[in-house]
Amino acid sequence: MKRGSGGNVRIGIVSFITLVSVLLLAMLAVLCTVSANAAKVTATRQSTFTTKLYEVDGAGQALVAAIDEKLEACAKSGESASIAAGRVQVGSADLQARALELSGADDLQISLTVSGQNVSFSITGTGGRFLDAQLTINDDLSYTLQSWKTSTTQAASEESLWGGASTAK
């Protein structure tokens with residue numbers, strides 16, 4: 001009787017190297033895809049973070065501009081710094097609305113307090129972004145910015161870096 005080879009696969013060294021090379025290239029392609037997705041998720045997070053932080057900062061600058069407009073009107077009327085500070089306190093709701101209008105933001109909360117000639121305000125944005133600032137109204141109705149501090153409270157992310165939103169539980 002003749003014995004058959006019965007399914008033996010004869011593979012040469014060139015075929016084996018080609019097979020291993022194809023498998024390695026496939027693995028590298030998968031790794032590149034996963035790394036690219038992770039880089040995209042990270043870039044999107046950073047973009048959102050920066051946009052929201054600048055939104056809060058822009059609203060703060062708009063509020064300072066609105067206060068400056070109020071001080072300029074008081075200077076034209078020849079009022080003192082303490083009276084101007086009182087006018088800032090009385091018109092704080094209008095100043096806040098003007099700041100939101102100038103900044104183009106609509107999802108921010110602004111709180112403004114006046115103590116003597118010191119004006120303090122805090123702006124809270126979405127995602128835990130904060131701005132705390134303080135300025136002093138000078139006797140010539142100019143102002144001096146005493147502090148300007150932006151901060152962020154980090155919340156736990158629902159999104160997985162490697163798998164995207166579909167793998168988050």
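User: Which side chain does glutamate 101 meet in a salt bridge?

Analyst: Happy to start there. This is a predicted model, and in it the side chain of glutamate 101 meets that of arginine 98, at 3.3 Å from N to O. A pair counts as a salt bridge when a side-chain nitrogen of Lys or Arg lies within 4 Å of a carboxyl oxygen of Asp or Glu, so this pair qualifies at 3.3 Å. Both residues sit in helix H3, 3 residues apart, about one turn of the helix.

User: Which residues are linked with Arg98 in a network of salt bridges?

Analyst: Glu69 and Glu101 are linked with Arg98 in that network. Glutamate 69 reaches arginine 98 with the closest N and O atoms 3.5 Å apart. Glutamate 69 belongs to helix H1 and arginine 98 to helix H3 (residues 92-103), so this pair ties together parts that are 29 residues apart in sequence.

User: How many salt bridges does the structure hold?

Analyst: There are 5. One of them joins lysine 76 to glutamate 72, with the closest N and O atoms 3.8 Å apart. These two are 4 residues apart in helix H1, so about one helical turn separates them. Lysine 76 is exposed at 70%, and glutamate 72 is partly exposed at 44%.

User: Let's turn to the strands. What order do they have in the sheet?

Analyst: The order is S1-S2-S3-S4, in an open sheet of 4 strands with antiparallel pairing. Strand S1 (109-115) and strand S4 (143-152) stand at the edges with a single partner strand each, so one side of each has no neighbour in the sheet. On average, neighbouring strands are turned by 10° against each other, direction ignored. Helix H2 (residues 81-90) packs on this sheet, where it touches S1, S2 and S3.

User: Which residue in S2 stands opposite leucine 112?

Analyst: Phenylalanine 121 does. S1 and S2 pair in the antiparallel sense over 7 bridges. They form a hairpin with 2 residues between them, and glycine 116 in the turn has a positive phi of about 65°.

User: Is phenylalanine 121 buried or exposed?

Analyst: Phenylalanine 121 is buried, because its relative accessible area is 2%, under the 20% cut-off. Leaving aside neighbours within four places in sequence, its contacts include Gly60, Leu63, Val64, Leu131 and Trp148. Leucine 131 is 10 residues away from phenylalanine 121 in sequence and 8.1 Å away in space, C-alpha to C-alpha.

User: What about nonpolar residues on the surface: which ones form a patch?

Analyst: The patch includes Val9, Ile13, Phe16, Leu23 and Met27, and its members together have about 1,100 Å² of accessible area. Take isoleucine 13 as an example: this residue has its place in helix H1 (residues 13-76) and is exposed at 59%.

User: And how much of the protein chain counts as buried?

Analyst: Of its 169 residues, 24% do. The accessible surface of the chain comes to about 11,100 Å², with 57% belonging to carbon and sulfur atoms.

Definitions and conventions: Residues are numbered from 1 along each chain as its sequence is written. This is a predicted model: local features need pLDDT of at least 70, side-chain atom pairs count only at pLDDT 80 or more; totals for chains, interfaces and linings use all residues. Side-chain values use heavy atoms; hydrogens and water are left out. Patches are made of residues with over 30% relative accessible area and no salt bridge: like charges are joined within 9 Å, nonpolar side chains (Val, Leu, Ile, Met, Phe, Trp, Tyr) within 5 Å. Accessible areas come from the Shrake-Rupley method with a 1.4 Å probe; for residues, only the protein chains shown count as cover. Buried means under 20% relative accessible area, exposed over 50%, partly exposed in between (1.4 Å probe, protein chains only). Two strands pair if DSSP finds at least two bridges between them. Axes are lines fitted to C-alpha atoms, for helices over the stretch in contact, and angles run from 0 to 180 degrees between N-to-C directions. Contact means heavy atoms within 4.5 Å.
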